[in-house]
Amino acid sequence: MEITIIHKGENDIHFLLEGIDVAFANALRRTMLTRLPAMSIDEVLVLENTSVMYDEMLAHRLGLIPLTTVLEDYNMPDECDCEGKGCSLCQCTLTLEKEAGDDDIMVYSRDLSSQDPKVVPASGDIPLTKLAPHQRVIIEAYARLGRGVENAKFQPVATVAYKYIPLVTVDKSKCTACGDCVDVCPKKILRLDGGKIATQNTLDCNLCEACVDECEPGAITIDSKADSFLYRVESTGALPPKEIVTKSAELLKERIQVALDFANSL
Ligand code: SF4
Ligand code: SF4
Ligand SMILES: [Zn+2]
């Protein structure tokens, strides 16, 4: 198996995984989505809320704020000594206290203050509710680790997708260099270079086959590699994208080992 990183940003990563089959590719994708834990607000105590937004709606919105997560710092509640009752080893408290003066104000995720500076909203710009003059909210919220399989709010990824690696081939003996394929390609993969057709950035090809339909002599073939996949992983901001990939790969390995141990014990 070979891994090549194509792009690494603050919140996203694109990489090429070669030498695997589609079942493995999908297992890794689903591990990132549903098995890798992240922090999220799970219990909310509304001490005061005179805004027009119902307490339940406010609690729901708080739960959907991605929180920065350090996996080593917290226990999963069901693995903690407190047996899920909630303690400082498995829970982090955030508070929100905001009151409007004589003008309307918007309450944002940045107004939450956390007892742990490492567990804070990944973005401070998420609007929570609007307060009319002299309305007030006072809230205590409890965040904990959870998995996407339990609730999508715990997913550390906004999106994780993979696609086959495109193979764009031009049969030069058939090509008349008419240039028609260049104009129809939405991804600008094909170009005329010195009277000949050349390809560029083929990883961007979306396999639409518009070029094949346009090419009268049938000079273009679009195919894909069966054992290679291009992943695009976008973090919610809960975890760095590289950590999402490495930790998910470790988790998948552990789960495969459990299955192997079981099979060996039969
Ligand atoms: S449409 Fe076909 S024949 Fe025309 S330039 Fe493209 S590959 Fe060549
Ligand atoms: S399949 Fe679509 S995206 Fe790919 S080279 Fe052809 S026209 Fe462009
Ligand atoms: Zn605990």
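Mentor: Let us begin with helix H5, which covers residues 241–265. Helices here are DSSP runs of H or I with at least four residues and strands are runs of E with at least two, both numbered from the N terminus. The 25 residues of H5 should span 36 Å at 1.5 Å a residue, and this agrees with the 36 Å between its end C-alpha atoms; the expected span is 1.5 Å times one less than the number of residues. The model is a predicted one, in which local features require pLDDT of at least 70 and side-chain atom pairs count only at pLDDT 80 or more, while totals for chains, interfaces and linings use all residues. Residues are numbered from 1 along each chain as its sequence is written, and chains are lettered from A and ligands numbered from 1 in the order in which they are written.

Which residues of H5 are buried? They are Pro 241, Ile 244, Val 245 and Ser 248. A residue counts as buried with 20 or more other C-beta atoms within 10 Å of its own, as exposed with 12 or fewer, and as partly exposed in between, the C-beta atoms being placed from the backbone. The packing partners of these buried residues are strand S2 (12–18), helix H1 (22–34), strand S9 (157–170) and strand S12 (220–235). Contact here requires C-beta atoms, placed from the backbone, within 7 Å of each other.

Leaving out residues up to four places away in sequence, Asn 11 touches Glu 234, Ser 235, Gly 237 and Pro 241. Asn 11 is partly exposed, because 15 other C-beta atoms lie within 10 Å. From Asn 11 to Ile 165, 154 residues away in sequence, the C-alpha distance is 23 Å.

In total the protein has five helices and 12 strands. It is more spread out than a compact globule, because its radius of gyration is 25 Å, well over the 18 Å that the globule rule gives for 266 residues. That radius is taken over C-alpha atoms, and the rule is 2.2 Å times the number of residues to the power 0.38. Along the principal axes, the C-alpha atoms fill a box of roughly 75 × 65 × 25 Å. Of the 266 residues, 27% are buried. Among contacts between residues at least 6 apart in sequence, 70% join residues at least 24 apart.

Leu 112, in the loop between strand S5 (105–108) and strand S6 (113–114), is buried because it has 24 C-beta neighbours inside 10 Å. Not counting residues up to four places away, Leu 112 touches Leu 94, Leu 96 and Pro 121. Leu 96 is 16 residues from Leu 112 in sequence, with 4.8 Å between their C-alpha atoms. Lys 98, in strand S4 (residues 92–99), is partly exposed, with 19 other C-beta atoms within 10 Å. Beyond four places in sequence, Lys 98 contacts Val 107, Asp 111, Leu 131 and Val 137. Between the C-alpha atoms of Lys 98 and Gln 200, 102 residues apart along the chain, the separation is 54 Å.

Backbone angles deserve a remark. Most residues other than glycine have a negative phi. Asn 201, however, has a positive phi of about 45°, and Glu 209 has one of about 65°. Asn 201 lies in the loop between strand S11 (196–199) and helix H4 (210–214), and Glu 209 also lies between S11 and H4. Asn 201 is exposed, with 9 other C-beta atoms within 10 Å, whereas Glu 209 is partly exposed, with 13.

Finally, the ligands. Ligand 1 is surrounded by 14 residues, the closest being Cys 175, Cys 178, Cys 181, Cys 215 and Ala 219; a residue belongs to such a shell if its C-beta atom, placed from the backbone, lies within 6 Å of the molecule. This shell has 10 nonpolar, two polar and two charged residues. Ala, Val, Leu, Ile, Met, Phe, Trp, Tyr, Cys and Pro count as nonpolar, Asp, Glu, Lys and Arg as charged, and the others, Gly among them, as polar. Around ligand 2 there are 15 residues, the closest being Cys 185, Ile 189, Cys 205, Cys 208 and Cys 211. Here the classes are 12 nonpolar, one polar and two charged.

How values were computed:
Contact = placed C-beta atoms within 7 Å.
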